[in-house]
Amino acid sequence: MASPLSSGIPRARNWRLWLAGFLVLIAALAAGYTWLTLSWSYSSGERAGYIQKFSQKGWLCKTWEGELAIVAIPGSLPEIFKFTVRDDKVAAAINTDMGKRVALSYEQHVGIPSTCFGETGYYVTRIHPVE
């Protein structure tokens, strides 16, 4: 009768297979979590104001980062809304409308594991001028 440990594969190789399988499982769980946080939005909405800062940033993962100055009453201090743009077409539209009052449609994503996908959790999906 053969013992359960003698399956034809040496013990050291059996241990390495378990380790490789565990690492693949961890990588798949991390990729799945990242995909879930980027595809599922926690909230969505619109904010109106003036784009005061907009630039492309990142060493490896380039994203567009900006600031929208929201002024409730003329002469008061503005509230600053920091946002991220991942779509180059939306970024081009924002660059075109700099200096004008605009409304930004955004989605908020919570729990994104890295700043490689943007510095903020607010991803702008659309822009339109406000008259």
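**Close-up 1. Thr 84 and Thr 120, side chain to side chain.** In this predicted model, the side chains of Thr 84 and Thr 120 make a polar contact at 2.8 Å. Thr 84 has a second polar contact of this kind, with the side chain of Glu 65, also listed at 2.8 Å.

Close-up 2. Thr 84 sits in strand β3, which runs over residues 79-85. Is Thr 84 buried or exposed? Its relative accessibility is 0%, so Thr 84 counts as buried, the cut-off for that being under 20%. Setting aside neighbours within four places in sequence, the residues in contact with Thr 84 include Thr 63, Trp 64 and Glu 65.

**Close-up 3. Arg 126 and Glu 46, a salt bridge between strands.** The structure has 4 salt bridges, and this view shows one of them, with the closest N and O atoms of Arg 126 and Glu 46 sitting 3.5 Å apart. Arg 126 belongs to strand β5 (residues 122-129) and Glu 46 to strand β1 (residues 43-57), so the pair ties together parts that are 80 residues apart in sequence. Arg 126 counts as partly exposed because its relative accessibility is 43%, and Glu 46, at 45%, counts as partly exposed too.

**Close-up 4. Arg 47 and Glu 79, another salt bridge.** Here the side chains of Arg 47 and Glu 79 meet, at 3.8 Å from N to O. Arg 47 comes from strand β1 and Glu 79 from strand β3, so this pair ties together parts that are 32 residues apart in sequence. Arg 47 is partly exposed, with a relative accessible area of 24%. Glu 79 is at 47% relative accessibility, so Glu 79 counts as partly exposed as well.

Close-up 5. Which residue forms a salt bridge with Asp 97? That's Lys 100, and the closest N and O atoms are 3.6 Å apart. Asp 97 has a relative accessible area of 11%, so Asp 97 is buried. Lys 100, on the other hand, counts as partly exposed because its relative accessibility is 42%.

Terms used. Residues numbered from 1 in each chain as written. Predicted model: local features only at pLDDT ≥ 70, side-chain atom pairs only at ≥ 80, totals over all residues. Heavy atoms only, no water. Helix = DSSP H or I, 4+ residues; strand = E, 2+ residues; numbered from the N terminus. Buried < 20%, exposed > 50% of the residue type's maximum accessible area, 1.4 Å probe, protein only. Polar contact = N/O pair within 3.5 Å; in protein donor to acceptor, adjacent residues only side chain to side chain. Contact = heavy atoms within 4.5 Å.
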